[in-house]
2 protein chains.
Amino acid sequence: MSEHCNHSWLLTDLYELTMSAAFFENDCNPTASFELFVRSLPPERKYLLVAGLEQAMDFISNARFTGADIEFLRGLPVFHQVQPGFFEYLRDLRFTGDVWAVPEGTVAFGEEPLLRVTAPIIEAQLLETYLIATITYQTMVASKAARIVYAAQGREVVEFGTRRAHGPVAGTTAARAAYIAGCAGTSNVEAGARFGIPTFGTIAHSFVMAAPDEEEAFERYSRVFPDSSVLLLDTYDTLAAVDKIVAAKLQPRGVRLDSGDLAELSKQVRHKLDAAGLQQTKILASGDLDEYRITELLSQGAAIDGFGVGTSLTTSKDAPSLGGVYKIVEVKNQEGKSYVAKFSENKMTYPGTKQVFRFSDRNGTFTHDLIACAGEEYANADELVEPMINAGARISEQPPSMQEIRSRARQQLERLPSELRATTGGGKYEVQFSQELQRLLQLARDHAHAREHSSLHSR
Amino acid sequence: MSEHCNHSWLLTDLYELTMSAAFFENDCNPTASFELFVRSLPPERKYLLVAGLEQAMDFISNARFTGADIEFLRGLPVFHQVQPGFFEYLRDLRFTGDVWAVPEGTVAFGEEPLLRVTAPIIEAQLLETYLIATITYQTMVASKAARIVYAAQGREVVEFGTRRAHGPVAGTTAARAAYIAGCAGTSNVEAGARFGIPTFGTIAHSFVMAAPDEEEAFERYSRVFPDSSVLLLDTYDTLAAVDKIVAAKLQPRGVRLDSGDLAELSKQVRHKLDAAGLQQTKILASGDLDEYRITELLSQGAAIDGFGVGTSLTTSKDAPSLGGVYKIVEVKNQEGKSYVAKFSENKMTYPGTKQVFRFSDRNGTFTHDLIACAGEEYANADELVEPMINAGARISEQPPSMQEIRSRARQQLERLPSELRATTGGGKYEVQFSQELQRLLQLARDHAHAREHSSLHSR
């Protein structure tokens, strides 16, 4: 289930390791809590759909350094003055802490903690890079896919984009995220095998071009897949291709349009198919589609039964990154606890471990969220952040199935206010911070100022 | 060296496998040639820098189906009517064909074949998804990185973006592509270990926040890394942090700015450092940088010695996908050869296997390229497409080292006309098609029309 074959802790940024060495050599490895969140949503998004947690959990549970990893690190010039004890410590390092997280398939918003790690600071720190990359990528794709599925108004959307993803591995995890968000499946066979996602396929232009002629190509394919063929129409001339299917008395399950005026062509193809008694043959469309183009096609009355969506989905093309961060919020020091906050320009971080409380109206529609300190209590609200790993061990033996995650996503999306689901137009979900959290922020601010003041004067 | 731990041919789109079954069951597996190219560059790009070939070669050489893969495929409903012989064929399938490609580190343009596969059509077809995803992603990142390195005018650029890449594996290959394009190195330790790329690291805000105070954090770190510390200034107050470094008599190798007005702050920090005799301490900057922002900072006289660039680099944020395609151009049928071309709207493909000839002026500056049929000859031109795999075996036992690829990239970029290297402004490189290639296109067109005509009349 992991994104990567190995679970090497080398999948991190070098500063996590230099900081680890500094903590270790200073004999300082306090328990710290880090929270992963997206500071603010890109202008093109009104909500997030959380995904990628399972791959994060798998990495956390299995991360380690191999002997070869350790040898590599010892050979890096930056570590030449670091004592052997540090590398012995790394050799045995396993994650021993706790993880809380928002389950996959949950709707979330900017500033809301999606995952919290509480562990000896070296362990918590080393996970940063992997966790941000894994959770924000899948969350970004799921959030995009949910918009595309919504735009298709109940028609099937199939994820077709592995070839345009940022490498084949990204394509495979994108397929997973897209399925969580409601896509019917993927063209990626590896994703089918690894995650149990339905796989879909049609034919390519090359198949038609490799045959002596188009009729022969259609007949060859239909002979092998009599019930399931989806024939591609646009290799030479879309409408002429339909005539050939009819003349050859083929009964394809579907036909695919991949270029030209999809709205107009789909109507003409539908007309020809119906006239030939092929009412059962579905029309699928592909070719640079996204939620905006799909909305436009349907508003033009396109006779399209399903969409294959690639590039825009696997790259989240109009918003290809989420500003995911992983920030320290609490350190257990000798005195007990210290709430830490960051105040640099435009990049403030709220201190302390948090919970997200979600409020709904009587119909179940979400009305607003409240980010509060962990441990606060609010009646009639759902708590989004749940325990996942306790002292290094996964709490649930059996992670949720893809069907469970997908079903949660569907229910969550149905409870979003309709203006947030709409692919265009405004609408911003209300996220508040609790009074207790704001008090804690003020305390941390006062504390930092006092410290700053005393330290400048003591030197 | 592979991007993925296994080399499963399941990393493909389902239609490659259904088409394979159709070819197999129709007893038709002719030798075909496919070419991989980018149809046209995004408006934000004026050239491509080729990367990713080594990972593609590795996959081609090692791709296979495991027993579990075969069982998975046999269980898919779409294959229930396919005969066992097909799965036995897959079980033993290894790549047996030829591959030609443009070496990594070469400058290229739209429509130019970056890679050509000639093999039994089933083998050639199965590779499509992996090859497009691998080569276009690294090429996209290398092309972006080359622009960023150019903008930095000789200052070091370090790739910092794994956490914002489309998953940690994408981040690791992005580091490789960025290094090819001239970045000094990466923060990604796995990329350092796998590809031998220099790794760089500073400290994070969390390190400062976890210490009792900022001075203590700086001192702890400098104790362990006396020669190599790069201290982060903006956790609380950038200029006050410099005062603390000076007061504590630390001599960091560098300091890092990560927020605020980087141009103004860098000048003030430089002034303070110089006044304290810390002329040797370098100033590094990070925080949502790209080629435009770096150009602006340097035009404002920013006192910055090096840049850490993340999101914009690993996601190629302003152009996060390249329209990479892999098209059939030739089939060897009973009569010898058939040149295949595609004529669907706006998506024409030139037939036949090709070579790219590059012409230069007397200074070595590239003047124009000519895409011609493989086998054509032109004096005084470089041929970009080279043989890489012959009958399934890699031609060179020793793939080029990262240093060789990087050095080729530097030389190639230096030979680009200056208006193409510039990060802003127009300029389009001239790419022509040979007369022979145009004649072949016309032949294929006539042939297709004739076939169309006769086939419509014969039914």
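Analyst: The two copies meet through the same surface, because 100% of the interface residues of chain A are also interface residues in chain B. Two residues are taken to be in contact if their C-beta atoms, placed from the backbone, lie within 7 Å. The model is predicted: local features need pLDDT of at least 70, side-chain atom pairs count only at pLDDT 80 or more, and totals for chains, interfaces and linings use all residues. Residues are numbered from 1 along each chain as its sequence is written, while chains are lettered from A and ligands numbered from 1 in the order in which they are written.

The contact draws 92 residues from chain A and 94 residues from chain B. On the side of chain A that touches chain B, the largest share, eight residues, is supplied by helix α1 (residues 14-25) of chain A. Helices (H or I, at least four residues) and strands (E, at least two) are DSSP runs, numbered from the N terminus.

Within chain B, strand β5 (residues 115-120) has five of its six residues buried, that is, with 20 or more other C-beta atoms, placed from the backbone, within 10 Å of their own. Strand β1 (residues 31-38) of chain B runs antiparallel to β5(B), joined by six bridges.

Conventions
A residue is buried if 20 or more other C-beta atoms lie within 10 Å of its own, exposed if 12 or fewer, and partly exposed in between; C-beta atoms are placed from the backbone. Two strands pair if DSSP finds at least two bridges between them.
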